[in-house]
Amino acid sequence: MCGILGAIPKQDETTFLHALNLMEHRGPDGFGTWHDESNQVSLGHRRLSILDLSENGKQPMFYDRYVITFNGEVFNFTEIKIELESKGYQFRSDSDTEVILAAYMEWGADCLRKFNGMWAFAIWDREKRELFLSRDRFGIKPLYYAIIGQQLVFASEMKSIFPFLPQLRVSKDFEFCKRNMFDYETTDKCLVEGIKRFPAGHYAVVAMDNVSSLAPIRWWNTLESIYEVGDNYDEHVERFRELFFDAIKIRMRSDVRIGTALSGGVDSSAVICAMANINRAGDSRVANDWQNAFCATFPNTMLDESRYAKMVTDHLGINAVFKEINPVKGLDNLEEYLWLFEEMYLTSPIPMIEIYKTIKENGVTVSIDGHGADELIAGYGGNMFDAVMDSPFNFSKIQNLVSTFVDYMDFEEEGTLSKKMELYQRAYKQVAVRYRNLFLRDGNKSGDPERDKLGHFNKYLYAEFHEKVLPTLLRNYDRYSMAASVEIRMPFMDHRLVSYCFSLPWHSKLRGGYTKSVLRQAMDPYVPKEVIWRKSKIGFNTPFAEWMKGAWKEYLLDMVASSDFSNSDVVDSAKVRKQIEGVILGNAVQYNAGKDAWVSLMPYLWEKSVLKAYRKPAVL
């Protein structure tokens, strides 16, 4: 996990190094730059050492006529290396980076399909004088670029492109991004004018003499990897467990200590319990020092899940660090955290960055986490009634769906009979709506025949996973973790598991009154029952209303009363001031009211902490 920077043609060395070091947090263990002797290209790398900690793993790295700068990990590099050695390739390092270079030399762009991992990398071909850019299937690792006249600049973060822009200003797409904080990640739109987002699952070849020809080419489409899995639920569970365990095993390959950010929810608990039961036989690269769990706590708020996390760590008998998130301390670092985050989002980055800082402070560099499961196997429960249209005349399955909805919504022990009856009424109304849609053919088709083959409910999950919720969360967690110089690995994002789960019928995900049924059943032998079968779901967020009325009160009131806030170009200051004061001075403690106020304030905080915080050094 690192930060990469590159430019065509070669850049001034002082400017280039300054830009690279703006990402020092992504790679505090060292750096490297390479400037082509013919003034054709500059490549830079900030290193976070995880595999092959020696100088042999340093980047930019050379192999024959190729030079690479690479951010991410290819987890199956061991298997690919063996295949390449059988073809006569030799290696001087024990890193995945060198394997990527040799694989590209052997297979060209087709090498991407062999990689199981997360990445953004650039390979310069010194003979052809062209650049190969690539991003992983799902966009776990970031890549931005800008074409400035006849120059191309690309980087892991926007801030490293700032020094090359003629001027730093708000993008013409800013208002769109402001209104669609959960949607702009899957577009090429950025918050800063002149910068674009390189799309996930794409590559591009850029010629030295025509950088404006950069045109991303799609190399991965999950819809093309869907296959028949049959209708046997027990077989689904077994195959899911097999893929899940292997996805975790290859993500435990590390030359540094690993651990997990444990929320106490189903997904992160499943991950660390699987880690505890992985068979490491025959794989010397699987880390033995994995027994490190870290849980963020929010005492006396609705967001605290620490008791569930403790059940898991007690069950496994492993190390656990419970980090109380201090709103005052976090506020002291807010502007720095927003600079590192550099995007806009619906919640504060404080809790997430604080937990990854705690992980790093305890000597752990890799965190294997549970991101992606909700969008993959129906953790949120949203749009579950779309499944009615997938099994319209199977009334036992529809009744199972209704029961799942009622149990999902009525998980509190104090739920009353009248409340349950109300939920049943809501459920059957939703069933009726889906029958109407089915018979009237109202919005059943997406216009994409391949997508329609998924069925109605899986089609909804596909959009959540590839286009809506998850891409934004992946971006966010890259920033949260890299702000603390920690690498996140995500076994639920293993492309084999993704393809399998989108091949599963809906009733293997929503079953017996539970969401994510196939995961729960697969991990039932390994995770405490109170955790794997819990129905309450709490996101990892900020307790906005409590903090705004308490520790943040004076800070926020001073901010919205300031002249700088009144003169902001990106918010309606009077309207936002009224909203903030309404939460702070009002009587009710409501999470949604606090969150909405933060969303309204976020563009100003971004303007203050990112756009106005950057100052180009005079020597540049």
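**Entry 1: E157 and its surroundings**

I began with E157, which touches M23, H25, R26, Y144, L340, E342 and R479, leaving out residues up to four places away in sequence. I note at the outset that the model is predicted. E157 lies in the loop between β9 (151-155) and α4 (174-179). Is E157 buried or exposed? Its relative accessible area is 1%, and because buried means under 20%, E157 counts as buried. I then looked up its polar partner: the side chains of E157 and R26 are joined by a polar contact of 2.9 Å.

I found E342 in the loop between α9 (334-341) and α10 (350-361). Its phi is near 60°, a positive value in a residue other than glycine. E342 is buried, at 1% relative accessibility.

I recorded a positive phi for A378 as well, about 70°, although A378 is not a glycine. A378 sits in the loop between α11 (373-377) and α12 (395-409), and its relative accessibility of 2% makes it buried.

**Entry 2: The nonpolar cores**

I looked up the largest nonpolar core and found that it has 192 residues. Among those with the most contacts inside it are F115, F240, F244 and M523. Which helix gives the largest share of this core? Helix α24 (residues 591-611) does, with 9 residues.

Apart from neighbours within four places in sequence, F244 is in contact with A270, V271, A274, P491, F492, L497, L519 and M523. A second, separate core has 21 residues, including V41, L143, L152 and V206.

**Entry 3: The surface**

I found a nonpolar surface patch of about 410 Å², made by F393, F395 and F439. F439 belongs to helix α13 (residues 417-440) and is exposed, with a relative accessible area of 56%.

**Entry 4: D183 and K468**

I located D183 in the loop between α4 and β10 (196-197). D183 is partly exposed, at 32% relative accessibility. How far apart are D183 and K468 in sequence and in space? They are 285 residues apart in sequence and 5.6 Å apart in space, C-alpha to C-alpha. Setting aside neighbours within four places in sequence, I list K468 and T472 as the contacts of D183.

**Entry 5: Cis peptide bonds**

I noted a cis peptide bond between I8 and P9, with omega about -5°. P9 is in the loop between β1 (2-8) and α1 (13-21). A cis peptide bond also joins Q59 and P60, with omega about -5°. P60 is in the loop between β3 (42-47) and β4 (61-63).

Note on methods: Residues numbered from 1 in each chain as written. Predicted model: local features only at pLDDT ≥ 70, side-chain atom pairs only at ≥ 80, totals over all residues. Heavy atoms only, no water. Core = buried A, V, L, I, M, F, W, Y, C linked by side-chain atoms within 4.5 Å. Buried < 20%, exposed > 50% of the residue type's maximum accessible area, 1.4 Å probe, protein only. Helix = DSSP H or I, 4+ residues; strand = E, 2+ residues; numbered from the N terminus. Contact = heavy atoms within 4.5 Å. Polar contact = N/O pair within 3.5 Å; in protein donor to acceptor, adjacent residues only side chain to side chain. Patch = residues over 30% accessible without salt bridge, like charges linked within 9 Å, V, L, I, M, F, W, Y side chains within 5 Å. Areas by Shrake-Rupley, 256 points an atom, 1.4 Å probe, with all protein chains shown as cover. Salt bridge = Lys/Arg side-chain N within 4 Å of Asp/Glu carboxyl O.
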